[in-house]
Each structure stands twice: as C-alpha cells, then as structure tokens.
Amino acid sequence: MKTKYIFASTLAAVAMTACTDLDVDVKSYYEQYPNNEIAVEAKASGAFFAFRGALGRRFDEAISMNSDEYTGVSFDGDYLNNGDLAGFSLHNVSYDNSKSQLDAYNDIMSGITQANKVIVELGGEDAPASARLRAVRAFYHFLLMDNWGDTPILDHIAAEDEVIDRQPRADVAKWIESELLACKENCTSEVNTNTYGKPTKWMCEALLAKLYINWPVYTKDITDNAWEYGTNDKLNDCIAACDAVINSGNYALAGGDNNDFKKKFFYDNGPQIKDFIYAMPFDAATQGGLTYARFRTWRRGQNANGLYSVEMTKSVGGNFALTPEYSALFCLPGDRRNSCIVGDGSKETTDVYQLDVKTGEPTDVRNTYKGQDVTFTRSITLKEETADLNCGADMNGWCQGYRSIKFFPNIDEYNGYDRNQSNDVPIFRYADILLMKAEAIVRGGQATNGDTPMSLFNQIRSYAGAPTITAAPSLQDILDERGREFLDEHWRRNDLIRFHDFERDWGFKYLNPNCKEAYNRLLPLSLNVLIVNTNWKQNPGY
C-alpha cells in the first residue's frame, strides 16, 4: 500500500519561495491565513518532506559509511569519486572531497527555513496549526546537532542582513527539548493514512526519547578524548517518553501487513506498517529520490541472470559493501533479519542465487556473470592497502563484501523511473522505542509497567524469530541487537558514539592514523557551507 499525496504543485510553489526575498513580509502573500485543513496541509507539506532528497541518497551515504555498516569500496578507479565515500569509511572525511554528502546540511537547513515561513503564515508559534511545523523544525535541528555539533537555533525567519551564528550543542539540545514539550500536545495524536509521514504527538515522544538517551553525548564535549557517557539524569524522562508511545496503543512490532520483518521495508510498505512511528514516504513516480538499491546491489548485479529474477536494465554502483564485522551480526539461528542481507553472516563465503522479485527470497537459479557463478566473500580484500579502498574491477573485486537488500526494490520501477524506488524509509520505529527503554533501564533508569530489559529485548527477538535470552542483556547485547534491527536506518553512527564504540577497529580504518581521534565524532562542515557562512569556524580537527 502506498500513500499518494495531492499537493505536488503547491509544494513546488512553497519550496520556490522558501529561499528568496527574505526581507518581504511573508504575511503579504495571503490576504488571510489559511482557515481550512486542506490549505494548511498543502502549505505544511513542503516543510514536512524537505528531508526526502537528502535521505534518499547523500545523507544516507554519509551516515551509513561513517558507521561500521559499510566500506565505501572502489574498483580500479570506478566509483572512487575522489574518495568521497572512502573518507567516511576511514574516518578521514574531507570537507571538500565529500562536500556532496556533507551538503545535506544545507538541505536540512532549507527544511527549517520552509517551516519558519509557514509558521509565520499560520499565525506564529502559538497558533495550534503551527505545532507540527515546530516539531519538524525541532527534528531538523536534531539532525544538524547530532551529526555536526554546534548549530544555529533558527526559530524565526532570518532577515537579509542578519548574522547567523552557531550555538553550543548543549544549548541546541535544551532548545529542542523545550520546543517538543511545548508543541507535542497540539500535534495530532491520530495515526492514520492522513497523518502518515508527518509529525504527530508520538513522533515528538520518539524524538524526545532519542534526545534523552543521548543526553550526555549532546551536553558534554565529545570531541575530548576523555569523554565518557557517565551519568544521565534524563534516563527516566527517556523511559516516560517511551511509555507514552507504548501506552498509546497505536504501534506494534506486528500487525496489519507487517507480520514479517522483511516485508516491512518492501517497496509496497506504507501506513499499514504498525511499527513505523515516523517515516519518509517515497514513490518512484511521484516522490522520487530513493536510490538505495543502485549502490547496494553488487557491481554486475544488473546484467542478464543478475541478482534479481527480473533484469535491472539500469546500471548499479555496487560500492556499498557491508563490513565483515557488521555482517557477522546476522548469525542468529532462525532470525528473519538475516534475510535482509545477501550472505550468511556466520560463514566466510556465500553462493549467490537470484532473488524472486515478488517475495524477495532466493530462488534455485544461480546468479552468474559471463558464465561464472557468483560467490560473495564476507571479508573484503583490497588490491593495495591505500585510501582508495580499491577491490579491483574484476569478478573477485566486485564480489567483496556481503550486500544489503533490506529496502527491497521493485525492479520494474527501478528500470522505468531512473533507478528510483518506492520504499518508505522509517525514521522512528516502535522497535526502537522498546530497545531505548531497555537500554535506559540498564543504564540506571527506573523500570515501569512491569517491563524489564530482558522482557523488552525478547519482544524484539520473538518477533524476529531469533533465540530469546534468559538473563538481563548487557549494553553490548543491546548494541549488537540494534545493529541487527536497524541496518540502513541511519542510527548506527549515533549508537556507536553513545556506546563509546565509534573508535573500535573495523574495516580499514587503521589506514588512517587519526581514526581514533575524538574529533571524528562530529562531521566537518562542507566547503560549500563555509563559503556561505563566512563567520563560521570549521569543527575542530578538520
């Protein structure tokens, strides 16, 4: 089931006016404020979905490659691109070479600008109709703060000559908290097709939980090598936010059409998925930008007798290779999540069979390339140990590393709409609520509602078909489980930093002598961001 939105032309108009004529009185655009639900919804949608383009590719590249999920490989120069992705994998990000990915900062800032304009048009922050705009604005600030640290608090339309300064990360975190607490009760609590993909009260609670579990990350100096998570006086607040979502009764791990873990992320997912609290809708024809399959399918997987039972007529990149350390997480017997990668996480090699495009399951037809059987290796072997992360442009090089098929594509859409997909991408899920609550209790929070870390953890395991545990999970257990559960959902970098695991050895990070330096916990500002904001200083270390 896919949701079609009918405001495309209106959104374009809003987007076009969002970045120009900052000194014009926005109220003059309309003789009166919108006074009906359709008009309000049309005007708000541009801000709600401003993150779509970045999430569909460049933000995905930056955040996924900077974690232990992926190695950004190249093939004798093919897909090297000045080392833009290799730099993320090596924790050696260049503010110039990787500016295409780092410019996601500008996309997110644009969403804030659009939200601010509509808030004014709706009558200001105190207008009930503005609550959802304030929520999405807080979410965009969260993304900037989480990945880049200090960032401006943009709670108004900037005047043309106004100097915008970055604010301390701790202050931004406190502002986000205050915004969400102020606006959440005026955000809709309904969960249906009309509210899908848009801020709700429950999206606010999920974001508060995410903010609170990371509170020592955001309010201490994580660029100090001596940083420790330490105590967190927001753990009970995190648990309360999780309980609000749980007690709402709106969400579940299973139910509707999401009784199978793998099918939640298929190209026909949508508001019927009860696990999705907040998601970004994509549609290959009308809401494009999602191109995950293009880069996660192995380099020659599009050819005749390729990875799928229908041929991909558009080329693929194949430069997203799962690290062997991450692939090894997908080893629990009976775990349905194992089927979201091509490769047996418990083995060094895996023979590859075509995937049925309707079911996503392997067929009995061997995947071949020019008469050669395709076998993936869990480990990645470079031709030479250099920052190019070059595997070689041959059968051996192309088959290095297991591959993700979590966001399983509709191949006909991929072929017909220039590699675009219709898979909606979840941002907050009910599964995350359960695991955050379990983590908060393990870290010292007060258990509520009869829940224990083990009972919460086992809800995830039971649903996935994986073995349940018989003792309280450790923090390492929770981190590993989050790895299995949230592949490709852009929380792994966030998790690794919170668990003090971001400097752990994985992949080829050892090729960068500075890979263990704490400044890597923040991304650098793009060259393009610094050119526009001449009063800003680059993050330390870059």
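Let me begin with a term: a residue is called buried if its relative accessible area is under 20%, exposed if it is over 50%, and partly exposed in between, using a 1.4 Å probe and protein chains only. What we have here is a predicted model, in which local features need pLDDT of at least 70 and side-chain atom pairs count only at pLDDT 80 or more, while totals for chains, interfaces and linings use all residues. Residues are numbered from 1 along each chain as its sequence is written, and side-chain values use heavy atoms, with hydrogens and water left out.

Let me turn to the cysteines. A disulfide means a pair of cysteine sulfur atoms within 2.5 Å, and a search of the whole structure gives 0 of them. Cys340, for instance, has its nearest cysteine sulfur, that of Cys331, 15 Å away, and Cys340 counts as buried because its relative accessibility is 2%.

Now to the rings. Rings of Phe, Tyr and Trp (its six-membered ring) pair if their centres lie within 6.5 Å, and planes under 30 degrees apart count as stacked, over 60 as edge-to-face and the rest as tilted. The structure holds 29 aromatic pairs. Phe139 and Tyr140 have ring centres 5.8 Å apart and planes at 45°, so this pair is tilted, and both residues are buried. Tyr292 and Phe407, by contrast, are edge-to-face, at 5.6 Å centre to centre with 85° between the planes. Tyr292 is buried at 1% relative accessibility, and Phe407 is buried at 4%. Ring pairs also link a cluster, including Phe51, Phe139, Tyr140 and Trp491.
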